[in-house]
Amino acid sequence: MNEIYMDNNATTKVDEAVFEEMRPYFCGLYGNPSSMHFFGGQVQKKIDEARNRVAALLGASPDEIVFTACGTESDNAAVRSALEIFPDRRHVITTRVEHPAVLTLCRNLSKRGYRVTELNVDGEGRLDLDELRRAVDEDTAIVSAMWANNETGVVFPIEELGAIVKEKGKGTLFHTDAVQAVGKIPLNMATSTVDMLSLSGHKLHAPKGIGVLYLRKGVPFRPFLVGGHQEKNRRAGTENTVGIIALGKACELAARHMEDENTRVKAMRDRLQQELLARIPHARINGGAAERLPNTLSIAFEYVEGEAILMLLSEKGICASSGSACTSGSLEPSHVLRAMGVPFTCAHGSIRFSLSRFNTDQDVDAVIRELPPIIQRLREMSPFGREFLNR
Ligand code: PLP
């Protein structure tokens, strides 16, 4: 069965051109970039090129790019560094809708005596900037807020947040988890208020296991991993050379294609949204009134289980994802939808479609064709759903 892959916020296909770029560096050019000999030097040159390409996509300087193993590592490195830079400060600010890479870390910090403020969002997933304004004080070491939400695609006004942090904080550092934003919307670090930014290769058509921490020049930093001089002493460990080279190529492609591809992706997402709303009663878009990524559609169907929808879609070859996490028998709705106050009956029936430049209009047609009868069938099977259909 050919897959119709609409789970690109979970991970993306490695672009063939990215794969070709990394291929020579497995078996042929396998030198260690730190080696003195010419063989390592060739790899070092290619890593320099990759660093330039990543920097160009972000509007950053190559020296500001630190390669890591993933978005999660970059997030952890940023927050932990700030706490080491400000050993006397006990306050951290984040949002209720962050990815667990930030949220779990912050909740662990709160168990260790830190004061953690989790900013609220409204029903559309938007932050209240006044809440941030009130929260930042001279004890705040770092504010970490995501650029775009992985479940709903809702985009935060990062530069406005950064301006508040700079105005109200006393040297408070500002970090953004831009794992879902990079390659989907234009970012420019040259004119940004962001001190540190995380990104992850496998969300933009590079392989898994490579990430970046953007570290603004002059921002104080304490490394998460020590024990080697790599990355100018900011991240020890022999480089993931093939991953870095792949990410460089993926960033070059993203910079080249972002504008036209995103227009096409957004048109497909919007058509999918309109057609599903027109064909399926009692469906609503999570975050629909907020600014969103062009590729993401989180849609809630009342009185059905997201997991059941996903299984039936999967039988048709369609890959999407659920807005809720299934934990040991109890179906817990996602923390993001809960923070938005999405009613329980909707949160449970929420699914996420996330598109990429590899999707086609035929993919969208298939979902529009297959999903309405699946929802109808599931509603007929559930006692609540039947009652609801009879209303
Ligand atoms: N942050 C966000 C917003 C994400 O969506 C993800 C992955 O889903 C991560 C962080 C973690 O990135 P990685 O899988 O590279 O550790």
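Visitor: In which sense do E9 and strand E10 (residues 296-301) pair, and over how many bridges?

Guide: A caution before the details: this is a predicted model. E9 and E10 pair in the antiparallel sense, over three bridges.

Now widen the view. The pair belongs to an open sheet of four strands, ordered E9-E10-E15-E12, with antiparallel pairing. Its edges are strand E9 (283-285) and strand E12 (321-322), each of which pairs on one side only. Two helices pack on this sheet. Helix H9 (residues 241-279) touches E9, E10 and strand E15 (350-354), and its direction makes about 10 degrees with that of E10. Helix H10 (residues 306-315) touches E10, E12 and E15, and its direction makes about 45 degrees with that of E15.

For contrast, turn to the other sheet. Strands of a sheet pair through backbone hydrogen bonds, either parallel or antiparallel. Here seven strands form an open sheet in the order E2-E8-E7-E6-E5-E3-E4, and the pairing is mixed. Strand E2 (65-68) and E4 are the edge strands, each pairing on one side only. From one strand to the next, the twist averages 20 degrees.

E3 and E4 are parallel and share five bridges. Thr95 stands opposite Leu119 in E4. Further in, E5 and E6 run parallel, joined by three bridges. Ser144 stands opposite His175 in E6. E5, helix H7 (residues 158-168) and E6 make a right-handed β-α-β unit.

Leaving out residues up to four places away in sequence, Ala141 touches Ala82, Leu83, Phe86, Arg89, His91, Thr172 and Leu173.

Next comes E6. Five of its five residues are buried, so E6 is largely enclosed by the rest of the structure. Leu173, His175 and Asp177 point one way, Phe174 and Thr176 the other way, and all are buried. E6 also pairs with E7, in the parallel sense and over three bridges. His175 has Met196 as its bridge partner in E7, and Thr176 has Leu197.

E7 is mostly covered as well, with five of its five residues buried. Met196, Ser198 and Ser200 lie on one side, Leu197 and Leu199 on the other, and all are buried. Beyond E7 the sense of pairing is antiparallel: E7 and E8 are joined by five bridges. Ser200 has Gly211 as its bridge partner in E8.

Helices lie across this sheet too. Helix H3 (residues 38-58) lies across E2, strand E7 (196-200) and strand E8 (211-215), at about 115 degrees to E2. H5 lies across E3, E4, E5 and E6, running at about 145 degrees to E3.

An α-helix has 3.6 residues a turn, so residues three or four places apart point the same way. Just after H5, Gly113 takes a positive phi of about 100 degrees.

Ser334 lies in the loop between strand E14 (330-332) and H11. Ser334 counts as buried because its relative accessibility is 5%, and the cut-off is under 20%. The Ser334 side chain makes a polar contact of 2.7 Å with the side chain of Glu151.

Notes. Residues are numbered from 1 along each chain as its sequence is written. This is a predicted model: local features need pLDDT of at least 70, side-chain atom pairs count only at pLDDT 80 or more; totals for chains, interfaces and linings use all residues. Side-chain values use heavy atoms; hydrogens and water are left out. Two strands pair if DSSP finds at least two bridges between them. Axes are lines fitted to C-alpha atoms, for helices over the stretch in contact, and angles run from 0 to 180 degrees between N-to-C directions. Contact means heavy atoms within 4.5 Å. Buried means under 20% relative accessible area, exposed over 50%, partly exposed in between (1.4 Å probe, protein chains only). A polar contact is a pair of N or O atoms within 3.5 Å; within protein, one must be able to donate a hydrogen and the other to accept it, and residues adjacent in sequence count only if both atoms are side-chain atoms. A crossover is right-handed if, with the strands pointing away from the viewer, the path from the first strand over the helix to the second runs clockwise.
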